[in-house]
Amino acid sequence: MTAFSLSEDQIAIRDMAASFSAETLAPHAVRWDEEKHFPVEEMRQAAALGMGGIYITEDVGGSGLGRLDAALIFEALAMGCPTVAAYISIHNMCAWMIDRYGADEQRKAWLPKLCSMEHLASYCLTEPGAGSDAAALKTKAVRDGDHYVLDGQKQFISGAGVSDIYVVMVRTGEAGPSGISTLVVENGTPGLSFGANEKKMGWNAQPTRAVIFENCRVPVANRLGPEGIGFKIAMAGLDGGRLNIGACSLGGAQAAFDKALAYAQERKAFGARIADFQALQFKLADMATELEMARTFLWRAASALDETAPDATKLCAMAKRVATDTGFEVANQALQIHGGYGYLADYGIEKIVRDLRVHQILEGTNEVMRMIVARGLVGRAKGN
């Protein structure tokens with residue numbers, strides 16, 4: 001990729017995802033939201049096109065693509081349904097953590113079925129008392145021979161109760177980040193249970209439940225890497241996850257913008273199309289500009305992560321904050337342009353607004369993104 005263009009392969013990848021999204025996701029998105037339906041079969045169709053293991057290595061069934069390719073895919077998928085796109089993003093993040101930190105036996109055992117989405121995955125970090133302060137998590141894993149015994153609870157877990165694989169951050173040692181390890185817990189493990197499906201503002205097409213561990217015995221062989229690196233694994237996964245959720249925000253916002261532009265060219269008021277009013281033209285111009293600025297910066301951060309640049313974490317935090325704030329604001333303005341019709345479910349705008357609102361909270365709140373950026377700046381200044 002040059003600074004401001006995509007390669008032919010990247011354009012083909014984006015167009016493939018966009019066609020799938022328009023044909024398979026978009027026509028059903030409002031109904032899935034209303035019925036709280038988790039479209040597993042449609043996601044498996046996406047996986048058949050390579051979207052179940054986008055940046056997973058090819059020897060275990062992955063597509064072997066990069067983070068910029070993933071950003072293009074998730075934006076395209078989110079134009080059809082941000083909720084489904086976001087879950088596929090989380091699934092990919094879990095698969096990458098296993099691919100990156102798992103032993104060869106673990107990779108071969110779990111990744112082929114994850115890449116095909118025959119098996120689904122959930123990321124388990126957040127707890128009822130440890131959200132933004134993730135290093136304070138209390139779910140304990142006590143070693144007992146060849147097993148760990150888990151006790152604790154994870155909160156706000158996407159896919160919980162349906163997923164087959166749970167990538168869980170647990171405390172195996174002292175307080176703080178150095179006492180955290182990562183275990184893969186398979187569905188059906190005795191002692192693993194789930195709370196009720198949460199009633200949410202948006203993201204209704206994917207289940208969200210608590211994941212509960214009560215004397216849950218997990219083989220030591222299911223640990224990713226050595227003890228004590230779980231926080232590092234969790235944070236590394238979130239760098240890419242933040243890009244993905246930013247891309248999902250841009251895709252949802254682009255869909256809302258496209259609807260608003262079409263509506264403005266059809267709707268008449270005071271004897272003219274509302275698109276002919278300069279005030280509305282300026283609003284549309286600003287929305288398009290903000291989207292393009294956020295997209296360009298997201299691509300910059302994705303390229304930095306692909307290149308393992310030293311400032312990649314900071315750029316990913318910046319991009320997540322910018323893309324999710326911009327995406328929500330553009331979608332909200334698109335609703336405003338629709339007037340009262342934007343508030344009706346039939347037009348699909350209010351669903352996008354509800355879905356995109358949570359993107360400013362998950363994968364690290366946007367306040368935490370500012371903290372990450374600020375710490376990097378202050379630390380650099382001290383170093384000077």
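**Exercise 1.** Is the crossing of α4 and α7 right-handed or left-handed?

*Solution.* Before starting, note that this is a predicted model, where local features need pLDDT of at least 70, side-chain atom pairs count only at pLDDT 80 or more, and totals for chains, interfaces and linings use all residues. Residues are numbered from 1 along each chain as its sequence is written, and side-chain values use heavy atoms, leaving out hydrogens and water.

Step 1: find the helices (DSSP runs of H or I, at least four residues; strands are E, at least two; both numbered from the N terminus). Helix α4 covers residues 67–80 and α7 covers residues 230–266.

Step 2: look at the axes (lines fitted to C-alpha atoms over the stretch in contact, with angles from 0 to 180 degrees between N-to-C directions). They lie 7 Å apart, at an angle of about 35°.

Step 3: the crossing is right-handed, that is, the near helix is turned clockwise from the far one by less than a right angle.

**Exercise 2.** Which residues of α4 make the contact with α7?

*Solution.* Contact means heavy atoms within 4.5 Å. On α4, pick out Arg67, Ala70, Ala71, Phe74, Glu75, Ala78 and Met79. Their partners on α7 include Leu243, Ala247 and Asp258.

**Exercise 3.** Where is Phe270 found, and is Phe270 buried or exposed?

*Solution.* Go to the loop between β8 (268–269) and β9 (272–273). Phe270 has a positive phi of about 55°, though it isn't a glycine. Its relative accessible area is 83%, so Phe270 is exposed (over 50%; buried is under 20%, partly exposed in between, with a 1.4 Å probe and protein chains only).
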